[in-house]
Amino acid sequence: MQRHHIDRLVEDLFVLAPQLHRLVDLEVRRQLDGATSAAQLRMLNELQHGPQSLSGLARQQHVSPQAISELLPALVERCWIERIPHPQDRRQQLLQLTDAGLAAVRQAQTQAHKQLTAHVAGLSEVELSIVAAALPALQRLLDLAKRTDEG
């Protein structure tokens, strides 16, 4: 592929990726209650993988610990996140999804999945085939980028 075609493809990805991300975020946030911010949603999603320290969560989210601290009160008030003692360091606490938080996130994701499925179903068979064929290449691209970032 010629360089200008690659440049155009990268430009298109820069436009489409955030739009797709916003669409998914919007659907999940709408299902939660509409008041959950995108940053709070990212925190809830990350905590589905298990408890984390505030600083670890901040590193993972590429924000300051203060930014995470500012997001917490609303989620704690909703009883979606709780602070628990760190098992190896009594001075630290971990953040963990509560059962109610996990149920809310999973239910919202399920409903958002249904909404997005309806959108995707509006594509033609040819369009669906093209999107399906592109997904493995996009995953490989993301895997390569992640390895570069980590290395």
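Biologist: Which residue in S3 stands opposite glutamine 52?

Modeller: In this predicted model, strands S1 and S3 pair in the antiparallel sense over two bridges. Strand S1 covers residues 52–53, and strand S3 covers residues 93–97. Within S3, the residue opposite glutamine 52 is leucine 95.

Biologist: In what order do the three strands lie in the open sheet?

Modeller: Strands of a sheet pair through backbone hydrogen bonds, either parallel or antiparallel. Here the pairing is antiparallel. Strands S1 and S2 stand at the edges with a single partner strand each, so one side of each is left without a neighbour in the sheet. The order is S1-S3-S2.

Biologist: Over how many bridges do S2 and S3 pair?

Modeller: Strand S2 runs over residues 81–85, and isoleucine 81 stands opposite leucine 97 in S3. Proline 85 stands opposite glutamine 93 in S3. The two strands, S2 and S3, pair in the antiparallel sense, and the number of bridges is five.

Biologist: At about what angle to S2 does helix H4 run?

Modeller: Helix H4 is formed by residues 65–77. This helix lies across both S2 and S3. Its angle to S2 is about 110°.

Biologist: Are H2 and H4 roughly parallel or roughly perpendicular to each other?

Modeller: Two packed helices are described by the angle between their axes and the distance between the axes. For helix H2 (residues 38–47) and H4, the axes are 10 Å apart and the angle is about 85°. Angles of 65 to 115 degrees count as roughly perpendicular. H2 and H4 are therefore roughly perpendicular.

Biologist: How many residues of the contact of H2 with H4 are nonpolar?

Modeller: On the side of H2, the contact is made by Ala39, Gln40, Met43 and Leu44. H4 contributes Ile68, Leu71, Leu72, Ala74 and Leu75. One residue of this contact is polar and none is charged, while the number of nonpolar residues is eight.

Biologist: How many charged residues does the contact of H1 with H2 have?

Modeller: Helix H1 (residues 3–32) packs against H2 at an angle of about 85°, with the axes 10 Å apart. In this contact, Asp25, Val28, Arg29 and Leu32 of H1 meet Ala38, Leu41, Arg42 and Leu44 of H2. Five residues of the contact are nonpolar and none is polar, and the number of charged residues is three.

Biologist: Which element gives the most to the lining of the largest pocket?

Modeller: The largest pocket holds about 1800 Å³ of space and is lined by 34 residues, with Ala17, Leu20, Leu135, Leu138 and Leu142 nearest its centre. The elements that give two or more residues to this lining are H1, helix H5 (99–121) and helix H6 (125–150). With 15 residues, the element that gives the most is H6.

Biologist: From which helix comes the largest share of the lining of the second largest pocket?

Modeller: The second largest pocket has a volume of about 200 Å³. Its lining is made by His21, Val24, Asp25, Val28, Leu41, Arg42, Asn45 and Gln109. The largest share, four residues, comes from H1.

Conventions:
Residues are numbered from 1 along each chain as its sequence is written. This is a predicted model: local features need pLDDT of at least 70, side-chain atom pairs count only at pLDDT 80 or more; totals for chains, interfaces and linings use all residues. Side-chain values use heavy atoms; hydrogens and water are left out. Two strands pair if DSSP finds at least two bridges between them. Contact means heavy atoms within 4.5 Å. Axes are lines fitted to C-alpha atoms, for helices over the stretch in contact, and angles run from 0 to 180 degrees between N-to-C directions. Angles under 35 degrees count as roughly parallel, over 145 as roughly antiparallel, 65 to 115 as roughly perpendicular and the rest as oblique. Ala, Val, Leu, Ile, Met, Phe, Trp, Tyr, Cys and Pro count as nonpolar, Asp, Glu, Lys and Arg as charged, and the others, Gly among them, as polar. On a 1 Å grid over the protein atoms alone, a cavity is a set of points where a 1.4 Å probe fits but cannot get out, and a pocket is an open set with protein on both sides within 12 Å along at least five of seven lines; lining residues have an atom within 4 Å of a point. Grid points are joined across faces, edges and corners, and a volume is the space filled by probe spheres set on the points.
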